[in-house]
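Visitor: Hi, I have a model open and would like a quick tour. Can you walk me through it?
Guide: Happy to, here it is.
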Amino acid sequence: QVQLVESGGGLVQPGGSLRLSCAASVAIFTINRLGWYRQAPGKERELVAVSLSGAVANYADSVKGRFTISRDNLKNTLYLQMNSLKPEDTAVYYCNTDPIKLRWGQGTQVTVSS
């Protein structure tokens with residue numbers, strides 16, 4: 001079955017940057033919509049960025065202009081470059097298809113705090 005392995009999270013100060021990676025065990029060029037989700041404590045999981053085939057991307061309003069999603073089809077890896085991080089970006093970040101079709105990975109914790 002397909003495996004998703006997220007990495008790259010950590011503790012960063014407000015205004016800092018992180019780059020998340022999601023390594024997939026399948027050829028991601030076959031996946032039309034591949035996205036990053038996040039779940040903050042006590043909140044529902046939300047979709048924050050989607051990479052469509054053809055280099056098109058969509059973003060939630062809360063991250064637009066600060067986050068950039070990209071994919072490397074040769075490495076079967078999805079990325080999320082996060083700049084100008086805010087405390088409200090603190091969450092566990094996951095990748096999956098949109099709509100959700102795959103088993104969730106373990107996620108990667110992002111904590112934005114001074």
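Guide: Let's start with β4 and strand β5 (residues 46–52), which pair in the antiparallel sense over six bridges. Strands here are DSSP runs (E, at least two residues), numbered from the N terminus, and two strands pair if DSSP finds at least two bridges between them. This is a predicted model, where local features need pLDDT of at least 70, side-chain atom pairs count only at pLDDT 80 or more, and totals for chains, interfaces and linings use all residues. Residues are numbered from 1 along each chain as its sequence is written, and side-chain values use heavy atoms, with hydrogens and water left out.

Visitor: Thanks! Which residue in β5 does Arg38 stand opposite?
Guide: Arg38 faces Glu46 there.

Visitor: And how many residues sit between β4 and β5 in the hairpin?
Guide: Six, and Gly42 in that turn has a positive phi of about 75°. Glu44 is also in the loop between these strands.

Visitor: Is Glu44 buried or exposed?
Guide: Glu44 counts as exposed because its relative accessibility is 71%. The cut-offs are over 50% relative accessible area for exposed, under 20% for buried, and partly exposed in between (1.4 Å probe, protein chains only).

Visitor: What is Glu44 in contact with, leaving aside neighbours within four places in sequence?
Guide: Arg38 and Gln39. Contact means heavy atoms within 4.5 Å.

Visitor: Back to β4. How many of its residues are buried?
Guide: Five of the seven, so to speak of the strand as a whole, β4 (residues 33–39) is mostly covered. β4 also runs antiparallel to strand β9 (residues 91–97), joined by six bridges. Within that pairing, Gln39 has Val92 as its bridge partner.

Visitor: New topic: what is the strand order in the open sheet?
Guide: The four strands go β1-β3-β8-β7, with antiparallel pairing. β1 (4–7) and β7 (67–72) are at the edges with a single partner strand each, so one side of each has no neighbour in the sheet. From one strand to the next, the twist averages 15°. β1 and strand β3 (residues 18–24) are joined by four bridges, and Ser7 has Ser21 as its bridge partner in β3.

Visitor: Which residues touch the most other members of the largest nonpolar core?
Guide: Trp36, Leu80, Met82 and Tyr93, out of 27 residues. β3 gives the most to this core, with four residues. Such a core is a set of buried Ala, Val, Leu, Ile, Met, Phe, Trp, Tyr and Cys residues joined through side-chain atoms within 4.5 Å.

Methods
Axes are lines fitted to C-alpha atoms, for helices over the stretch in contact, and angles run from 0 to 180 degrees between N-to-C directions.
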